[in-house]
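Hi there,

Here is the structure I promised to pass on. Have a look at it first, and my notes follow below.

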Amino acid sequence: MAFDYRSGAAVSRTLSQDVKLQGLPVAERYDFLAGDGVPLRLTRYVGGTKGPVLLVHGAGVWSGMFMLPTLKENFVQYLVRHGYDTWLLDWRASVQLPLRQFTLDDAADHDMPAAVRRVREITGADSVQAVVHCAGSAAFFMSMAAGHLDDVRTVVASQVALHHHTPASTRFKALLRVPELLDAGLDSLTPDDASRTPLFQAAFTKVSSFLRMECDSPVCHRLSFMYGRLYRHARLNPETHSRLEEQFGRCNLLTFRHLGQMSRGGHAVKFDHGRAENLRRYGQARPPDYLDPQPFQRPITFVSSEQNRTYLPSSTQATFQWLREANGARWYQRRMLPGYGHLDTFMGSTASEDTYPVLREALEFQPR
């Protein structure tokens, strides 16, 4: 059945071979529009009456990161097994959607509110829960700070929220304005071989291979240059590592520029368009920040991995401590995952034993 964006009434129900093998319920796919008209997608797996819980991926990836076919049990399977009505959001950063240039402000203002509203419309739920990761977490927290997500009752923030503490190599690239330099001739970076600029990609491969030599995968090397060390190799099984290109793809440079600005500043700010445009948009020369603690009086669990080299664990510590000081301690908790990196939280071969139980416990967290 085709989706009618005007009525929002239709749903595509699909049962893929992977779903059959994984023993998941029939997947329900809902195409819908963000507040500014950008097409987005939700995929639902009804595991029970808990939730509904919305899963939000990072940049340059897609919702498939939560349901890898290479794991004995992936995160979606785990949540379904534990009775959760599970919703996967592909927002405008998804590599399964057409590439577009956008800032995280765009996603905060238009994607996250529309997704939560759509889940509530379909389920009839008064509120939703959310597990949000990396740039998806940053955008989700920016949306909450802007007052858009009062109907989200519980949040689990994976690796970053409103404070952005990055390794020295990432800060160095941000200080050099690498995304701005690349933006002069490119519209995106990609870790796979499907580049529209083969000469640049060949040079990119050469440079990134010098920066990381833990394996012989060009995809892995490029990922490390783009995002920092996304995972500990020892945590990924060989099949997951060999199929990385199925999860990652092109990431637009405007998003990289915004992430670089927040890395330099250390916290979430609106996009810096330059003095003249900032004055027109914001009424001030510098972009305003998102550091308003008032909208965050709800149960929030901050989760960081001990060996994260994309966003340092001090990122969540800073937001956690800031909110506790502003709103009191009762709403917030923080969990550290020993021996894990950034993305192996979800993609690790033993994540279902090590990290998923921590995330599920966080969904059930109630303030005292």
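Are W91 and F102 buried or exposed? W91 is buried, and F102 is buried too, where buried means under 20% relative accessible area, exposed over 50% and partly exposed in between, with a 1.4 Å probe and protein chains only.

Two notes on the basis of all this. The model is predicted, so local features need pLDDT of at least 70 and side-chain atom pairs count only at pLDDT 80 or more, while totals for chains, interfaces and linings use all residues. Residues are numbered from 1 along each chain as its sequence is written, and side-chain values use heavy atoms, with hydrogens and water left out.

Now the aromatic rings. Rings of Phe, Tyr and Trp (its six-membered ring) pair if their centres lie within 6.5 Å; planes under 30 degrees apart count as stacked, over 60 as edge-to-face and the rest as tilted. That rule gives eleven aromatic pairs. One of them joins W91 and F102, whose ring centres are 6.0 Å apart with planes at 70 degrees, so this pair is edge-to-face. Both residues lie in the loop between β5 (84–90) and α3 (104–123), so the pair ties together parts that are eleven residues apart in sequence. (Helices, H or I of at least four residues, and strands, E of at least two, are DSSP runs numbered from the N terminus.)

F302 and F320 make another edge-to-face pair, at 6.2 Å centre to centre and 65 degrees between the planes. F302 belongs to strand β10 (residues 300–305) and F320 to helix α12 (residues 314–327), so parts 18 residues apart in sequence are tied together. F302 is buried at 0% relative accessibility, and F320 is buried at 11%. Ring pairs also link F66, F75, Y78, F346 and Y356 into a cluster.

The charged end of R235 is 4.0 Å from the ring centre of Y340, and that of R330 is 4.4 Å from the ring centre of W331.

Lastly, do look at H258 in helix α10 (residues 253–265). H258 is buried, with a relative accessible area of 0%. Its side chain reaches the backbone oxygen of V269 at 2.7 Å, and a polar atom of that side chain lies 3.4 Å from the backbone nitrogen of F271.

Happy browsing!

Definitions and conventions
A polar contact is a pair of N or O atoms within 3.5 Å; within protein, one must be able to donate a hydrogen and the other to accept it, and residues adjacent in sequence count only if both atoms are side-chain atoms. A charge sits over a ring if NZ of Lys or CZ of Arg is within 6 Å of the ring centre and within 35 degrees of the ring normal.
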